[in-house]
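Subject: Handover of a structure, with notes

Dear colleague,

I am passing a structure on to you, together with notes on what was found in it. Please have the sequence and the model open as you read.

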Amino acid sequence: APDELQMRWEGFQGLGDTLAPLLTAWASPLTFAQLAAWFGYTELYYLGVDTTQQGQAWAPKTGRTMQPRAIHSILECADRARMEMERAGRTIVDCTPGGLINQEGALPYMPLEEVLA
């Protein structure tokens, strides 16, 4: 879907029988969660999702950029994904120790050790 159609406002796709165009969550792992849900995954666990204020890990010429980025839209999308996954009886969890997504409460935190136990 076009970038102006965002998960935080339009909802989380992939929980029904058909798959509408994917809505942006402003973070690829959250955007791709819609595909995973549509493929039938009921539990999604994130580890190492980069949601820092400083730059992008993949900047091709400079490495991490020094331009701060707005992360509020990512947090709002994560919160919306969590609410809709829970409403559908599914789980989405962040296993990143000290991760901003779980520190801000958008996704619950679970230590990776507990997931693998």
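With which residue does R80 form a salt bridge, and how far apart are the closest N and O atoms? The partner of R80 is E84, and the closest N and O atoms of the two are 2.5 Å apart; a salt bridge here is a side-chain nitrogen of Lys or Arg within 4 Å of a carboxyl oxygen of Asp or Glu. I come back to this pair below, after some notes on how to read the model.

This is a predicted model, in which local features need pLDDT of at least 70 and side-chain atom pairs count only at pLDDT 80 or more, whereas totals for chains, interfaces and linings use all residues. Residues are numbered from 1 along each chain as its sequence is written, and side-chain values use heavy atoms, with hydrogens and water left out.

The chain as a whole

The chain holds five helices and two strands, and from the N terminus on its elements run α-α-β-α-β-α-α. Helices (H or I, at least four residues) and strands (E, at least two) are DSSP runs, numbered from the N terminus. Of the 117 residues of the chain, 38% count as buried, where buried means under 20% relative accessible area, exposed means over 50%, and partly exposed lies in between (1.4 Å probe, protein chains only). Among contacts in the chain with a separation of 6 or more, 43% come from residues 24 or more positions apart, a contact being heavy atoms within 4.5 Å.

The loop between helix 1 and helix 2

Q13 sits in the loop between helix 1 (7-10) and helix 2 (28-38), and with a relative accessibility of 18% Q13 counts as buried. Leaving aside neighbours within four places in sequence, Q13 is in contact with L19, A20, P21, L23 and Q34. L23 belongs to the loop between helix 1 and helix 2 as well, and L23 is buried, its relative accessible area being 5%. When residues up to four places away in sequence are not counted, L23 touches A1, L5, Q6, M7, E10, G11, Q13, T31 and Q34. The C-alpha atoms of L23 and D3 are separated by 7.4 Å, although these residues are 20 residues apart along the chain.

The two strands

In a regular strand the side chains alternate between the two faces of the sheet.

Helix 3 and its surroundings

Helix 3 (residues 72-87) has 16 residues and reaches 23 Å from its first C-alpha to its last, close to the 22 Å expected at 1.5 Å a residue, the expected span being 1.5 Å times one less than the number of residues. The buried residues of helix 3 are S73, I74, L75, C77, A78, A81, R82, E84 and M85, and what covers them includes helix 1, helix 2, strand 1, strand 2 and helix 4 (100-103). Helix 3 is followed by G89, whose phi is positive, near 80°.

The salt bridges

The structure holds four salt bridges. In one of them R8 meets E76, with the closest N and O atoms 2.6 Å apart; this pair links distant parts of the chain, since R8 is in helix 1 and E76 in helix 3, 68 residues apart. E76 counts as partly exposed, at 41% relative accessibility.

To return to the opening pair, R80 and E84 both lie in helix 3, four residues apart, about one turn of the helix. R80 counts as partly exposed at 22% relative accessibility, whereas E84, at 12%, counts as buried. The side chains of R82 and E86 also meet in a salt bridge (3.2 Å, N to O), and R82 and E86 are likewise both in helix 3, four residues apart. R82 counts as buried at 15% relative accessibility, while E86, at 44%, counts as partly exposed. Salt bridges that share partners join D79, R82 and E86 into one network.
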